[in-house]
Structure formats: C-alpha cells, structure tokens
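Hi,

Here is the structure I promised to pass on. Have a look at it first, and then read my notes below.

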Amino acid sequence: MKSASFPYIAPGATLGVLGGGQLGRMFSQAAQAAGYGVAVMEPDAHAPAAQVTPIYINAAYDDADGLHQLARSAAAVTVEFENVPATALRWLDAHVQLAPHAPAVATCQDRAAEKALFTRLGVPCAPHVRIDSEEAARGAQIDGLVPGILKTARMGYDGKGQAGVTSAAELPAAWRALGGVPCVLERKLDLHLEISVILARARDGKMVYFPPQQNLHRSGILFASFAPAPELDPATAERAVQAALAIAEGLDYVGVLCVEFFLLEDGGLVANEMAPRPHNSGHHTLDSCDFSQFDLQVRALVGAPLAQPRLHSPAVMLNLMGDLWFDAAGSRREPDWPAVLGLSGAHLHLYGKREARAGRKMGHLTFTAATPQAARASALQACAALGLAPF
Ligand code: ADP
Ligand code: MG
C-alpha cells in the first residue's frame, strides 16, 4: 500500500506485529508505553509476547483467518523477523499499512538478494557466488572464495545454515549437507571487528540512527555488544553510518533497519547482512539511550516525526543463552541473579520463555555506566558470577 497517503496514527489505535518472540514482546512494551494497543500474530501459544499482549492471534503466519483478524485489529502492522512467508507479506501489504514494505522484507530474507542490493548501491560486501544447484556446486568458479563459508540464502540465523568450505571438492557435499537449498558461498574474511548500525527511516524519508555498536560473536551467535564501539575510529564509524543510510534509502525503507558490517584487518569495511527490524545488537538502547530501537520502531510505524536518539550512557550488553540454566553436569539451575543485580548499572531483561535450552536466547543483561571502562568492568564481573568466559 502506498505509505505517503497514510496520516499519523494517534495513540489509542492498535498496532499489529507478525511474530511474538522477544522482539515482538519488546515492540509491544514500547507501543504500550506510548499509549497504543497491540495485536500479535504468532503460531506458538506461549511465545514471549503472549504474556504482554491482550490481542494474541494464535495462528500460523500465513493463516488467512489470522491475517484478516490482524488487519481488522490493527491500524498498521510490522514484522518481528524477516522469515515471514512472502504470501503473508504480500497480503498484508495490499490490505493494511505495512512497514517495512513487503519488497524490503523480501530482500532481507535472501542473502543473495541482499548482496545484490549492496553491490548495486556501491556498498562493498564479501566476494561471493550463488550456489543454487548440484551442477552449480560442482562447476562453481571458486577461485578466491576458499577458504569460504557456504550459507543458506534463506532462513539462516545465529550461525545456523552455514558450513566451512576449504576446497572446490568439498563444495557439493557441503551444499547437500545444508539441505540442497539455494546458498551463497562467500570468502572467509580476516575480521578485525564486527559492528552494526541501527537506523530508522520515516515515511517522508527522514532518517535517524544510533551510533554503531561493536559486536562480539561466539560460535556464530552474538555474545556481547559494546556502545560506543571501543575500537572503531570516527571516520570508519561515519563510513558505516553512511553506507547503512544509503541502503535504507535504496530500499525506500520505512521502519527500523539494522546493517551488520565487518571491519577487515586491511581496513576495508564490508556489509555482511541486514535485518528489517530491531536487532539483538541494539538491545542496549533500551537502557543506554534516551529512546530505544523499539521506541523508534513504534514511531516510524505510526508516522511520528523521528528525532535523533542520544546514547547517554556507555553500555555493554551480554546475551543470556539457555546454557546458563544448566550446570556442568547438565542439571537445571537458576542463574545467580542476585549476584548480577548487585552490580552497578545492571539491567536484567528476561523474555519469559518457559523452557531454557542450550543456544536459545532467554534474555540479555545490559550494564550502563559513566564510562565505557566502568560498564566493561561490571560486565566482566557478571561473566564471572554467571560462569561465562570473560571477553
Ligand atoms: P547469521 O544470520 O547467523 O547472523 P552471519 O552471516 O551474520 O549469519 O554470520 C554469523 C557470524 O559468522 C558473523 O557475525 C561473523 O562472526 C561470522 N562470519 C560470517 N561470514 C563471515 C565471513 N565471510 N568471514 C568471516 N567471518 C564470517
Ligand atoms: Mg549476523
């Protein structure tokens, strides 16, 4: 639906979100704080957003009745994550004010499409080739792409759907092991550090952004984010922000967008992937900024004017994975929250998930402080208290 014709949606209206995980929950909480009702559509009856939203449409993402109910309930709809069926997105785009638009979400669903966009806009990305078939896996020209990482084009997250490839001979087996689905083989780059830029773009094209955060991954999963980015020089930070803004502009994007970047050992900056929504690396904004990435998601969706957010406190965010709920012998335990809550600047966020599992994101813990060093010191103390390896 053409967005320019939509007026500002005043508080009192209901906002819809497709997906009821932690991102849907935090969106709902921000929307409610701003005076909006919320309708969530989600197939899992006990997903994190179920605890906080009165209108909870428990249905598959492409369920026709559910989509009708969502469209009837909500003045505008957004998505919690990008892997929503294309049919559902197209239907919503045609029947309700949807932000971001379906084509932007579709681009973010597919690594090959993302990389094509980056290339079209002149934003550098990793050298890569598409591998869509057994023949392509056998005949691919992979000079300069190994050692590489074969990634499924769609549905990958937290390092899932990826396999290392060190020679052309390994490629067909690696492709089959990933399910024989369309993939991208990209060169394994020498990373100096990883950063992300989170921005919001309004329907009128105005853009605002948070300063880039530096991200530390363990086993392909985000472990910690640091804001401001401790090792990022101002000129490179500016390059990353400008590239992210160009991507949002190029997509005619409306809403919150996150772009992940690699800063290479040789000083190069390449875009890795993007998410058409708030991002795990931006969870610290809930506590470190005058308004959060979820507040911006609400404001962009309702057509409010966007103001530039301000990072008022240096912050370190730690992801709390389900592994913390098990001791070395594999017995269930409760993490030592009192030890963590006694540390200065601690903000504990738990998502209300009923079952802890290894590798599952259960919550996050942000430390704010007057200085980056103090936030870091508290976060390291928390690591010690929780049994996490120090960073
Ligand atoms: P996901 O969707 O799982 O987040 P990513 O493409 O972001 O997938 O990969 C997860 C992590 O794996 C990255 O944050 C980075 O640490 C590492 N990684 C991914 N691609 C490359 C690459 N081309 N070179 C080096 N490391 C990479
Ligand atoms: Mg990633």
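How many nonpolar, polar and charged residues does the shell around ligand 1 have? By class, there are five nonpolar, six polar and nine charged residues in that shell. (Ala, Val, Leu, Ile, Met, Phe, Trp, Tyr, Cys and Pro count as nonpolar, Asp, Glu, Lys and Arg as charged, and the others, Gly among them, as polar.)

Some housekeeping before the rest. This is a predicted model, in which local features need pLDDT of at least 70 and side-chain atom pairs count only at pLDDT 80 or more, while totals for chains, interfaces and linings use all residues. Residues are numbered from 1 along each chain as its sequence is written, chains are lettered from A and ligands numbered from 1 in the order in which they are written, and side-chain values use heavy atoms, with hydrogens and water left out.

Ligand 1

Ligand 1 is surrounded by 20 residues, and the closest are Lys 151, Gly 159, Glu 186, Glu 194 and Asn 272. (A residue counts as near a molecule or strand if one of its heavy atoms lies within 4 Å of it.) At least two residues of the shell come from each of strand S7 (148-152), strand S9 (183-187), strand S10 (191-201), S14 and S15. Helices (H or I, at least four residues) and strands (E, at least two) are DSSP runs, numbered from the N terminus.

The magnesium ion

Glu 260 turns up again at ligand 2, the magnesium ion: the protein donors are Glu 260 (OE), Glu 260 (OE) and Glu 273 (OE), lying 1.9 to 2.6 Å from the ion. The pair links distant parts of the chain, with Glu 260 in strand S14 (residues 255-264) and Glu 273 in strand S15 (residues 269-275), 13 residues apart. Donors here are N, O and S atoms within 2.8 Å of the metal (3.2 Å for Na, K and Ca); water is not among the atoms, so sites may look incomplete.

Are these two residues buried or partly exposed? Glu 260 counts as buried because its relative accessibility is 12%, whereas Glu 273, at 21%, counts as partly exposed. (Buried means under 20% relative accessible area, exposed over 50%, partly exposed in between, with a 1.4 Å probe and protein chains only.)

His 283 and Ser 288

His 283 sits in the loop between S15 and helix H9 (285-288), and its relative accessible area is 2%, so it is buried. Leaving aside neighbours within four places in sequence, His 283 is in contact (heavy atoms within 4.5 Å) with residues including Leu 23, Met 26, Tyr 351 and His 364.

Ser 288 is in helix H9 and, at 0% relative accessibility, counts as buried. The side chains of Ser 288 and His 284 are joined by a polar contact of 2.8 Å. Ser 288 is also 8.8 Å from Ala 369, C-alpha to C-alpha, though the two are 81 residues apart in sequence.

Most residues other than glycine have a negative phi, and most peptide bonds are trans. Here are the exceptions I would point you to:

- The peptide bond from Val 146 to Pro 147 is cis, with omega near -5°; Pro 147 is in the loop between helix H6 (134-139) and S7.
- Ala 227 and Pro 228 are also joined by a cis peptide bond, with omega about -5°; Pro 228 lies in the loop between strand S13 (221-227) and helix H8 (234-250).
- Asp 158 is not a glycine, yet has a positive phi of about 50°; its place is in the loop between S7 and strand S8 (162-165).
- Asp 252 has a positive phi near 50° and belongs to the loop between H8 and S14.

Cheers

Terms used
A polar contact is a pair of N or O atoms within 3.5 Å; within protein, one must be able to donate a hydrogen and the other to accept it, and residues adjacent in sequence count only if both atoms are side-chain atoms.
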